[in-house]
Amino acid sequence: MANLVYRLFASLRIAIIIIIIIAVVSVLGTIIPQNRDPIFYKTNFPNSWYYILLLDFDDLFRSNIYLGLLLLLAFSTIVCTYTRTKITFKKFYKRLKSVSIPEIASYRISTRIESTKLGNFYQLEKFEKLETDNGTIYLRTTGKLSLLGSPLIHIGLLFILLGAIISHYTGVEMAITGVEGDKVAIPSIEAIKSAHRADKLRKKVLKLNLLYPNLQPVFIENLKKQIQSLEEEYNHSQNNPKYWLIIKKLWIEYYDNGNDKKSISNISTSSHQIGVNPYSDNVNQSFINTNNSVNNSQNFNNGLHDTESLIANNQSYNDNNHNDNSKFVKNWNTLIEILNSNNEIIASGIIKVNQPFSFDNITFYQANWQKVYHTINLIVTSNPISTEPSKLVSEPKFLTLCLGEEVKPEWSSLTFTLFDFMPDFRIVDNNFVSISDEIRNPAARIVAYNQDGSIAGRAWAFSAKQSNAGHIFSNLPYNFTFHSAQPKFQTGLQLSYDPYVWIVWLGCLFMICGLWLTFFIAYYEEWIVIRNNNLSIIAVNGNRPEANLKSKFIALTQELNITI
Amino acid sequence: MINIENALITTSAFGYLICFILYCFSAIVLQNSLNKTCRKLLWLSVIVETLGIAIRCYNAGYPPLSNMYESMVTFSTLIVYLTLFFTFNNSLPLLEAGASILALILLGISSLFSHEIRPLIPALQSNWLYMHVALSFIGESAFAIAFVLSYLYCLRFLLLDKPSECQSIITKNSYNKTSSLEKFASIVVVYILPVLVFIGFAYLAYNLYINPQPESKLAKVVFFIVVPSGFYIIALLVSTFMYKNSICNLLVNWLPSLEILDAMAYKAIAFGYPVFTIGALIFGMIWANKAWGRYWGWDPKETWALITFLVYSVYLHARLTKGTKGIWNAIISVIGFLVTLFTLFGVNFLLSGLHSYG
């Protein structure tokens, strides 16, 4: 049985079939959106969602099927490499002993010639000699190292696969976001892993609920307990972190007529209520991002981030505002400090795109950058169509709201909260989204509460242009119009811990060497066989195309001073 | 300066168009001297294009690899240069004609994107950009050459397959014994593939007609893409159906044997495969690790680059397998280039990811 399996995997055809299957399955992974909520698949793939979730094709590249295929490829590579390496080493060290005269005679680039015509070829250098019963074989090889190329490529591939598997189990990634002055707890690696596991289990619960609506509640409850336990582990580490990361300063460098120019960076320094006491207010800003790290980084690369200038104290929006396109971002910079548990600075550095910062085997990358608006200013007028018209003494009133904070103005009995603010509002697939972080079509969602805490109503605030066009939505006694907002830079850092990544790089090194040796180093075998029947053979063999072998053959005949 | 750059690149596009027509004409009239003139014109066109690129480099301050426009122009230049070096000792007019039409279509596609020179965005400010993107394009250019050779292989395989119609020229050869599956596969490559490509371009033109974009002018699409590819396809289909015997004679006169075509395609892939693997995959991994904190993220572009690598791995392994005939190698090579094209364009237009700038 073992022999059968060995022979099966030693077959090149099986290797080809596995590669084709991996290629086809990989195509599926780019067609099916990855790492979305299970309900997304049910909504968008009404006919195939069940199979997508069942086969874990929502996270195809980490699914058992894909990992299984990679394992098969690895196994096939090991067996093939082992089998062929034996042949290669035989060829490398004992080429003369492993060859026979009929084999040499069968080479396509060969000829037969009377031995007397060969002259004094014995004087030629570097020919090895082997006496056999049928004659004497002479061999000269060039580019022998090329023989090692193929094994090196395959060993490199195996190292890369091995490194990837080890990274999968030992490495972690985590996204950190924060504005200037934020103090972010860096939990232990184990805690981050726990959070990743909790995320996976949470997704599994959602998936199981969809796939098996009649599943025993005990099973789900067990999973939920596991999630809770993992979350506790993470939260404990968050509250007692080994390190703190302080986002000390954020600034943008711009291109300016070919010269670098540093911008005035901190748009949050003036007239801001948020972040005044940064070391205590915004401690728990970090969030774990198990599957969306790629999406988080997208803003950087797909052009959503406009390269428009951002000048301090000039961010107030008005309807005639045009963005300044004359400047282009050269770099987004984040100055960070690492504090230990005693609040002592133990490291600091600047992180830029393509210039990460490493500390204690953890590397921080500049992965995202955007503007956020925590505070907005609104113009309030009475709502004539309200069932309970307002009693504003003079209009308009001005109201400043901060995200998530309750504000009770003097002129109203209600308390207002800014629920959400979208600077570039659109409705996409029935969802309210902001398509950029520039104030182009601002929309704020406001919730008002009665004195007893009950919800009094909701309202939207749009720009004056939109409001004048009749886009007013309010079931409160007031209408709201957006006036201005103070932006802050928000940096997105990617934390990465991958202690065994060197295995992957070693694999890459092997592959590069192997590819170079295989495809760019020519290997030639030049054969001269003096047979006992006075008819000699001259042949050339190697890993080059026939035309090259022919050239080599002609060169050999010229060296031998014979005419064919 | 931008006007000079545009003028030079447009001139080279005209040069490629004339080259293609003249190459076809020289093949029909069997004129060797005309063929030599074509080759000179092709050299001239690519040098003019290189001048345009050099001016752009001078103006921008970085190599032309930062967006789709620059990438396409560079890609077209690399294809022509590689073809000319590839056929340096042994001219192969139909390969050179194929390279001219590919370069022209790529220039046509490039004209749909913004020509504006912008400073490098932060994500692209790395020396790895040049090593990663430049090597990827060199590898892909070699795949393009292999594609043209494999296409010619299928053409010859299909047309010289019928001894009754080409009695004067057919000698005893192995491809008389072809299976129907092989015949079908070669028909797909020779006839259906160009038609599908043409339909694709026509659809693109129609879309641009309905939703005009500032940079995507219909005239450009029609002039640079629809006309040349349409001309090529119509010429191919009409001549193949009407002048089968003549075409057979031409093929024998202008195309080397199947074995040589197969060996040449292999040579191109044997050059492109390591360059692409090192440039696109390994250097890409190193850069991704430096910029994003992970060397592999299953981004669509990464995944499709891997698929390209896998397809050409199949090609190389299939050649080692005993019994695999040349036609299947040619078909894998054609599929490989289609996958390469999807990695270049399809991923950017149809799938979102981290590589949306090019």
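View 1. Chain A gives 50 residues to the contact and chain B gives 50 residues, contact meaning heavy atoms within 4.5 Å.

**View 2. The side of chain A that touches chain B.** Among the elements that give two or more residues to this side are α2 (12-31), α7 (149-170), β20 (478-497) and α13 (501-520) of chain A, and the largest share, 10 residues, comes from α2(A); helices (H or I, at least four residues) and strands (E, at least two) are DSSP runs, numbered from the N terminus.

**View 3. The largest nonpolar core.** Of its 141 residues, A:I22, A:Y66, B:Y16, B:L149 and B:Y273 touch the most other members; a nonpolar core is a set of buried (under 20% relative accessible area, 1.4 Å probe, protein chains only) Ala, Val, Leu, Ile, Met, Phe, Trp, Tyr and Cys residues joined through side-chain atoms within 4.5 Å. Apart from this core lies another, of 33 residues, including A:I176, A:Y254, A:I336 and A:F359.

**View 4. The surroundings of B:Y16.** Leaving aside residues up to four places away in sequence, B:Y16 touches B:L42, B:S45, B:V46, B:E49, B:V80, B:S100, B:A103, B:L104 and B:L107.

**Notes.** Residues are numbered from 1 along each chain as its sequence is written, and chains are lettered from A and ligands numbered from 1 in the order in which they are written. In this predicted model, local features need pLDDT of at least 70 and side-chain atom pairs count only at pLDDT 80 or more, whereas totals for chains, interfaces and linings use all residues, and side-chain values use heavy atoms, with hydrogens and water left out.

Terms used. Buried < 20%, exposed > 50% of the residue type's maximum accessible area, 1.4 Å probe, protein only.
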